[in-house]
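Work through the exercises below with the structure at hand. Try each task before reading its solution.

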Amino acid sequence: MATIMHVDMDAFFAAVEVLDNPEYAGKPLIVGGYKDSRRGVVSTCSYEARQYGVHSAMPIAQAVALCPHGIFIPGRMGRYREVSEKIHAIFPEFSPIVEPLSIDEAFLDMTGCEHFYPDLESMALRLKGRIKEETGLTASVGVAPNKFLAKLASDRNKPDGLCIIRPEEVDDFLHNLPIGKLWGVGKKSAQELNKLGIYYVRDLLSYSLQDLEAKFGQSFGLHIYNLARGIDPRKVEPLHEAKSIGHEITFEDDVTSLAILKSQLGRLVEDVGWRLRRHNLYARTVTLKVRYYNFRTITRSHTLEAAFCDDDTIFHTSFRLLEGEKLQPIRLLGVTVSNLTEAVQLSLFEEVESAHRLSEVMDKINARFQRGAITKGRTLINDDSQ
Ligand SMILES: [Mg+2]
């Protein structure tokens, strides 16, 4: 049985802001744009802001309406990356098999390493302690037999959470879980499942795989069938062994606005590009994944002649794929790059190298000025923080 640990920083961008600006402590803080930002979208907000119903991926204007006295700031991507590097540098102290999932999240395969600690709880506490010591920030940690359960566990007692799901506790944990908490099930999907009398994960168990596929499409049907049984065969994959690097977001509400989709795509691309460059990898293929309001799930890929690792190429390629599709309410959006290589063919070297250098220069400028200012107007400064 595997032992997987999922680490997720608490409201990461907002927490870094509070760390650097103690006067923000205890106040509703919204990162994503100034109050008058017309096209801004909330990237992260403090727990205080969440009490007003503000959440990530919400237009700033809506957040202002919900929380007019909140503090609204655009965010400083460079500074968040700097803190992120410190956090990611800690993980190898705990396991040789680490999968950085985003700027503030990672999976650690602790199988075998758990014996170095008196018990799983001390192991998780040690990691939380190291992060606090290095950065002054809190993380939530989940420990479980697979990735999907470890991620659910880290979310359980947020913020500053710690939750362990032992193999013998998996069924109990899952059965009593509200259906909306399942990975990939947003508010709308949950409502549709509710209509069938499915409120908790246990209610899914009476449906056969064929039933679920017929009702929700092959991809989503199989997905929830497996999750309800605690099945997730994905391994913790260090990036240098990865065949692809991707990120996806399930929206709270179905999204039809192209402006919001575009900004969310920018957010996904930032994460994917960051992981590519962090490991000196290049990709040649971009794949867009879209799940529509009716559970229809499509993927569209495009392979380029030249290898790339810059955000711009990933963004423009995936956005063109998105534009090629009929605009219907979208429930989930994902971007993956594949065809990964470490070295670049010589003839293509210069071209790719200059794009790489541009992204690196932007990373550095952002770090120096501690602003996410150089984002060409499309991106959001964003994360997945819960
Ligand atoms: Mg987080």
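**Exercise 1.** Determine how H1 and H4 are oriented to each other: roughly parallel, roughly antiparallel, roughly perpendicular or oblique.

Solution.
- Locate the helices: H1 covers residues 12-20 and H4 residues 77-90. Helices are DSSP runs of H or I with at least four residues, strands runs of E with at least two, numbered from the N terminus.
- The model is predicted: local features need pLDDT of at least 70, side-chain atom pairs 80 or more, while totals for chains, interfaces and linings use all residues. Residues count from 1 along each chain as its sequence is written, and side-chain values use heavy atoms, without hydrogens and water.
- The two axes come within 10 Å and cross at roughly 100°. Axes are lines fitted to C-alpha atoms, for helices over the stretch in contact; angles run from 0 to 180 degrees between N-to-C directions.
- Under 35 degrees is roughly parallel, over 145 roughly antiparallel, 65 to 115 roughly perpendicular, the rest oblique. H1 and H4 are therefore roughly perpendicular.

**Exercise 2.** Find which residues of H1 meet H4.

Solution.
- Contact means heavy atoms within 4.5 Å.
- From H1 come Phe12, Phe13, Val16, Glu17, Leu19 and Asp20. They meet Met77, Arg79, Tyr80, Val83, Ser84 and Ile87 in H4.

**Exercise 3.** Work out the strand order of the open sheet and why S5 and S8 each have a side without a neighbour.

Solution.
- The five strands run S5-S6-S1-S7-S8, with mixed pairing. Strands pair if DSSP finds at least two bridges between them.
- S5 (98-102) and S8 (162-164) are edge strands with a single partner each, so one side of each lacks a neighbour in the sheet.
- S7 (residues 139-144) pairs with S8 in the parallel sense over three bridges. Val141 stands opposite Leu162 in S8.
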